[in-house]
Amino acid sequence: MGMKVLPMFGFPKRFKNKTQESSLGAIFDQYEQGKPDHQNAIDALPGWSCAFPAALKLKAGSLPLYADDRISWALKTFGSIKGKKILEVGPLEGMHTYMLDRQQPARIDAIEANRLCFLRCLLTRQILNINSASFLLGDIQAWLADHDEVYDFALASGVLYHMADPGEFLRQLANRTNAVFIWTHFFLDEAMPEDDVRRRPFSGKIETKTIEGVPVRYYERSYQLANSNASFCGGMKDRHFWMHRDDILTLLEKLGYSDIVIRDQDLNHPGGPCFALLARKAQAAS
């Protein structure tokens with residue numbers, strides 16, 4: 001005898017065996033039967049890195065990026081972004097977006113390539129009422145190549161060192177924004193001697209690519225299976241490259257960023273040498 005199917009939902013009315021019955025039970029597991037609450041939605045998305053503001057009493061990750069002093073410094077150094085067009089590269093879970101939104105920009109285009117991070121961003125927008133942001137899922141370099149708009153300010157925190165072609169990313173970014181804040185790791189031999197454990201993910205291969213006439217050194221690196229974790233929020237490919245510190249600065253200047261301010265260079269960061277910088281073209285600095 002064939003199984004009858006409920007016409008509205010398509011669920012089988014009879015079961016041939018316990019496996020089918022168990023499978024149907026799993027279908028109903030997708031429903032939340034508790035009291036409606038933001039915490040339910042947070043719990044439905046595994047692998048959170050960021051915390052929500054303490055006043056909300058929500059449990060997610062541990063990083064308080066909703067009050068990141070690097071972003072506060074960038075906004076203070078750049079000046080008001082009220083009414084300006086903002087590009088955010090790799091919003092992660094939307095906490096930096098929240099900080100930007102509170103400064104009343106005209107619009108934030110936030111581009112995220114990681115599907116789970118993108119979904120967390122949408123939830124963060126809902127919980128924190130981030131009204132000016134449009135979160136988009138996809139490759140930032142494809143966006144920069146096809147999108148003609150020039151932004152007043154861009155935020156690229158924690159993304160450059162995940163890129164498969166970081167120098168080309170900076171070239172594309174320079175075509176689309178007058179000012180950019182960057183927080184990134186970089187390679188520096190004197191900061192990471194041969195026996196430094198932070199060198200282990202590097203293959204030892206160094207490539208040189210010429211961008212706008214500038215020779216840029218690429219240091220090949222792997223995630224060493226870190227991407228198997230639900231909380232992974234790195235780049236789109238396992239094979240990615242760090243740039244040399246000096247090459248980052250030289251290339252930015254060549255790309256038209258004549259005003260570069262460096263903050264908080266840390267050669268002892270456990271993840272590798274890093275710094276934050278704000279780079280502006282002449283028209284953005286005036």
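The questions and answers below concern a predicted model.

Colleague: What is the order of the strands in the open sheet of three strands?

Modeller: Strands S6 and S7 pair in the antiparallel sense over seven bridges. S7 (residues 214-221) is also joined to S8, again antiparallel, by four bridges. The order is therefore S6-S7-S8.

Colleague: Which strands stand at the edges of this sheet?

Modeller: An edge strand here has a single partner strand, so one side of it is left without a neighbour in the sheet. That holds for S6 (202-211) and S8. The edges are S6 and S8.

Colleague: Which residue of S8 is the bridge partner of Tyr 219?

Modeller: Four bridges join S7 to S8. Within S8 (residues 240-243), His 240 and Trp 242 are on one side, with Phe 241 and Met 243 on the other, and all are buried. The partner of Tyr 219 is Trp 242.

Colleague: At about what angle does helix H8 run to S7?

Modeller: Helix H8 covers residues 245-254. The helix lies across S6, S7 and S8. Its angle to S7 is about 140 degrees.

Colleague: Which element supplies the largest share of the largest nonpolar core?

Modeller: The largest nonpolar core has 44 residues, and Phe 52 and Ile 127 are among those with the most contacts inside it. Elements that each supply at least two residues of this core include helix H3 (69-78), helix H5 (115-128) and strand S5 (179-185). The largest share, six residues, comes from H5.

Technical notes
Residues numbered from 1 in each chain as written. Predicted model: local features only at pLDDT ≥ 70, side-chain atom pairs only at ≥ 80, totals over all residues. Heavy atoms only, no water. Buried < 20%, exposed > 50% of the residue type's maximum accessible area, 1.4 Å probe, protein only. Pairing = 2+ DSSP bridges. Core = buried A, V, L, I, M, F, W, Y, C linked by side-chain atoms within 4.5 Å. Contact = heavy atoms within 4.5 Å. Axes fitted to C-alpha atoms, helices over the stretch in contact; angles between N-to-C directions.
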